[in-house]
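Have the sequence and the 3D view open as you read.

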Amino acid sequence: MYDFKPDDALDTAERYRQLCDAADALTSDEPDAVANMANVAALMWEFLPDLNWAGFYRIAPAKSGADELVLGPFVGRPACIRIPLDKGVCGAAALSGETQLVDDVHAFPGHIACDAASRSELVVPVTRDGAVVGVIDLDSPSPGRFTDEDASGLKKLARLLSGRV
Ligand code: SME
């Protein structure tokens, strides 16, 4: 049995440090990307408060042959399966390779509402050999839930997962 439950009193930096340690422990010897994303989605849900969605989208070819994002393992409500790279917060992160920290999703042009409860969002690209291979997506029902400290912590997690998802 794995028991990675975090202490409620952890500050944000320590919370992400422990999340990264737990993710490293669960993924370092496991070559299966789906298993690794599934466990890391569960860990993000356990470690990060005030979320309504936590998971992955991965770059894959669309029927047209162009790249798009395809839903990966997550915790939360069922979500849109395919996202073109020129759409939504996730598409913006994947296309630009830049973290997207959105305080108010209603003010983000082209935001895709998978769960009407979502109010703020943090999306970090996962790269391998310099190319974006997917994104980590966190949604919160609270406006302005995510800070630069969250972005920095999630980027560390994304770096750790390069080559494992
Ligand atoms: N809101 C995202 C879509 C994915 S869901 O939040 C799970 C977006 O605008 O790309």
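The expected span of a helix is 1.5 Å times one less than its number of residues. Keep in mind that this is a predicted model.

**Helix H4**

Helix H4 covers residues 148-161, which makes 14 residues. At 1.5 Å a residue it should span 20 Å. The C-alpha atoms at its ends are 20 Å apart, so the helix agrees with that expectation.

Which residues of H4 are buried? They are Asp-150, Ala-151, Gly-153, Leu-154, Leu-157, Ala-158 and Leu-161. These residues cover an arc of only 165 degrees around the axis, and therefore lie on the same side of H4.

What covers the buried residues of H4? The cover includes two helices, H1 (12-27) and H2 (33-47). It also includes strands S1 (53-61), S4 (100-102), S5 (120-128) and S6 (131-140).

Now the two ends. At the start of H4, Thr-147 brings a side-chain oxygen to within 3.2 Å of the backbone nitrogen of Glu-149. Just after H4 comes Gly-163, with a positive phi of about 90 degrees.

**Cysteines**

How many disulfides does a search of the whole structure find? It finds one. The disulfide joins Cys-80 to Cys-114, with an S to S distance of 2.4 Å. This pair links distant parts of the chain, 34 residues apart. Cys-80 sits in the loop between strand S2 (67-76) and strand S3 (82-84). Cys-114 sits in the loop between S4 and S5.

Cys-20 is in no disulfide. The nearest cysteine sulfur to Cys-20 is that of Cys-90, 19 Å away. The cut-off for a disulfide is a pair of sulfur atoms within 2.5 Å.

Buried means under 20% relative accessible area.

| Cysteine | Relative accessibility | Class |
|---|---|---|
| Cys-20 | 14% | buried |
| Cys-80 | 24% | partly exposed |
| Cys-90 | 4% | buried |
| Cys-114 | 32% | partly exposed |

Cys-80 and Cys-114, the disulfide partners, are each partly exposed. Cys-20 is buried, and Cys-90 is buried as well.

How values were computed:
Residues numbered from 1 in each chain as written. Predicted model: local features only at pLDDT ≥ 70, side-chain atom pairs only at ≥ 80, totals over all residues. Heavy atoms only, no water. Helix = DSSP H or I, 4+ residues; strand = E, 2+ residues; numbered from the N terminus. Buried < 20%, exposed > 50% of the residue type's maximum accessible area, 1.4 Å probe, protein only. Arc of directions from axis to C-beta. Contact = heavy atoms within 4.5 Å. Polar contact = N/O pair within 3.5 Å; in protein donor to acceptor, adjacent residues only side chain to side chain.
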